[in-house]
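Please look over the fold shown below before reading the numbered points, which go from the whole chain to the sheet and the helices beside it.

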Amino acid sequence: MQYLGHQLTIRDLGHSAIVFSPHPDDETLGCGGTIIKKRKEGARVQIVYMTDGRRSHVPLIDEETLAEVRAREALKACQKLGVYEDHITFLGYEDAKLRDGLEAARKKVMAILCLAEPREIFIPYRLEALEDHWATNRCVLAALRDYEAEITVYEYPVWFWHQWPWVTWSQYCMREKLDAAFKTCLSNVRMLTDFGHAVWIGDVLSQKYEALSQHRSQMTRLVADPHWLTLSDISNGEWLQCFFHQNEIFYRHDYCKNRN
């Protein structure tokens, strides 16, 4: 994918940041290459996991067991990204239930922001359809309304990619194709307007893939059951390929309490 927008500079990559990830693996999918590049520039990067991902493979595995597995996987993935355990926070909300505890989560996010005082934050794209992604975006932006310092927000796409033309038409019936075509027109407009910033990650793609591979419950079948879907199974692998282009793209906006 050729990118014609604004490329973040070495100076940008040196800024401290917190990445808010709805589930373990979203941090690597959405901005893993950027995290790697920032760490190479000496930036302080923290990762906050909002939920525990326990329901990704119900009923093939016990939820509590999977939550523990995904936490261990997240720690290993973060090591590959260059972020170590003392810069990782698990808020511990149950998968698919973040929306039910938004106010409490907002207070926790606010406390994290006040303690770390990052220059930048990374959150899921505001129009992501998956509920925990939407809730993470709203929760962090709500916390910023009470945050005193100016901060730069980068919104990263994950499930935005799960639509034509990035995945093929074959999975849709005719009615869904017409609906998808309309949504695609809107998505292409957003590509030109919202996603105006990018980080070139061509030199760290292998490291990003190695980090993602640590999320074994998402990348491999932990049990010998064909119903255990992996990320590679989604849209015959086309969706996963979207995260290994030469650029990671972002919707960037500056947030200042006095202006909002």
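Notes on the fold

1. The protein chain has 9 helices and 8 strands, taken as DSSP runs numbered from the N terminus, with helices (H or I) of at least four residues and strands (E) of at least two. This is a predicted model, in which local features need pLDDT of at least 70 and side-chain atom pairs count only at pLDDT 80 or more, while totals for chains, interfaces and linings use all residues. Residues are numbered from 1 along each chain as its sequence is written, and side-chain values use heavy atoms, leaving out hydrogens and water.

2. Of the 260 residues in the protein chain, 52% are buried, that is, under 20% relative accessible area with a 1.4 Å probe, counting protein chains only.

3. The 8 strands make an open sheet of mixed pairing, ordered β1-β7-β8-β6-β5-β2-β3-β4, where two strands pair if DSSP finds at least two bridges between them. Because β1 (6–7) and β4 (88–93) are at the edges with a single partner strand each, one side of each has no neighbour in the sheet.

4. Within this sheet, strands β2 (residues 17–21) and β3 (residues 45–51) run parallel and are joined by 5 bridges; Ile18 has Gln46 in β3 as its bridge partner.

5. Helix α3 (residues 63–81) packs on the sheet and touches β3 and β4, its direction making about 155° with that of β4; contact means heavy atoms within 4.5 Å, and angles, from 0 to 180 degrees, are between N-to-C directions of axes fitted to C-alpha atoms, for helices over the stretch in contact. Helix α5 (residues 131–144) lies across β2, β3, β5 (120–124), β6 (151–156) and β8 (247–255), at about 150° to β5.

Conventions: Buried means under 20% relative accessible area, exposed over 50%, partly exposed in between (1.4 Å probe, protein chains only).
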